[in-house]
Amino acid sequence: MVLALGVICLVCSALLGTVYAVTKAPIEASELQKVNAAIAAVTPDFDNVPSEAVQKVDGGEIYTATMGGEPVGYAIKVSTGGFGGLLTVMVGFTPDGTVYNTSVVSHSETPGLGAKIVDENCPPREQVKGKNPEVNNLTVSKDGGLIDAITASTITSRAFLKAVNAAYEVFKNNVKTEDDEQEQ
């Protein structure tokens, strides 16, 4: 019996290892495609491949989009806790720190309620565009901010805005802007 169970475990382990080896590359390619699509959605037009030069920092990942060698935007990927679990957001900034656009990379929010955050026209995503978190209070209006929450999904809206503000902190602490260079 021990020998039979040992053979069964060995065969199952070999099958799992084979499936992992066969699916690893396609899964990684799919994830890279998802990241590239999110970068393209949140930054102005660019001519480089931002995902090839990712800068991993405490709190997120920075992807620099350039045109002719000059930065035209920064896509910053951050995660925060939402109502249903982790909410991962890609936030695009122009070189001056203004939010260009946002993309929800992944979420575990309630279907029909918090899951509306993936809709590009939902209030929080639409209302942060063109605003600079340095000078605008990007929190929900219930908390004294400028942004309307998704109806019946205030927690998800707060989590999204927390991610936008966290992305701005990553931007502010890790990206050299033209103003920074002129001060030196």
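Which residue in strand 5 does G92 stand opposite? G92 stands opposite N101. This is a predicted model, in which local features need pLDDT of at least 70 and side-chain atom pairs count only at pLDDT 80 or more, while totals for chains, interfaces and linings use all residues. Residues are numbered from 1 along each chain as its sequence is written, and side-chain values use heavy atoms, with hydrogens and water left out.

**The sheet**

- An open sheet of 5 strands runs in the order 1-2-3-4-5 with antiparallel pairing; strands (E, at least two residues) and helices (H or I, at least four) are DSSP runs, numbered from the N terminus, and two strands pair if DSSP finds at least two bridges between them.
- Strand 1 (55-57) and strand 5 are at the edges with a single partner strand each, so one side of each lacks a neighbour in the sheet.
- On average, neighbouring strands of this sheet are turned by 25° against each other, direction ignored; the axes are lines fitted to C-alpha atoms.

- Strand 3 (residues 70-81) and strand 4 run antiparallel and are joined by 8 bridges.
- G92 in strand 4 is the bridge partner of A75.
- Strand 4 (residues 86-93) also pairs with strand 5 in the antiparallel sense, over 6 bridges.
- The hairpin of strand 4 and strand 5 has 5 residues between the strands, and G97 takes a positive phi near 95° there.
- Strand 5 (residues 99-106) is largely enclosed by the rest of the structure, because 6 of its 8 residues are buried; buried means under 20% relative accessible area, exposed over 50% and partly exposed in between, with a 1.4 Å probe and protein chains only.

**Aromatic residues**

- The structure holds 4 aromatic pairs, counted where ring centres of Phe, Tyr and Trp (its six-membered ring) lie within 6.5 Å; planes under 30 degrees apart are stacked, over 60 edge-to-face and the rest tilted.
- One of them is the tilted pair of F93 and Y168, at 5.9 Å centre to centre with 55° between the planes.
- This pair links distant parts of the chain, with F93 in strand 4 and Y168 in helix 3 (residues 154-174), 75 residues apart.
- F93 and Y168 are both buried.
- One aromatic cluster is formed by Y74, F93, Y168 and F171.

**Surface of helix 1**

- L3 lies in helix 1 (residues 2-42) and counts as exposed because its relative accessibility is 68%.
- L3, V7, V11 and L15 make a nonpolar surface patch of about 400 Å²; patch residues have over 30% relative accessible area and no salt bridge, and nonpolar side chains are joined within 5 Å, like charges within 9 Å.
- A salt bridge is a side-chain nitrogen of Lys or Arg within 4 Å of a carboxyl oxygen of Asp or Glu.

Note on methods. Areas by Shrake-Rupley, 256 points an atom, 1.4 Å probe, with all protein chains shown as cover. Axes fitted to C-alpha atoms, helices over the stretch in contact; angles between N-to-C directions.
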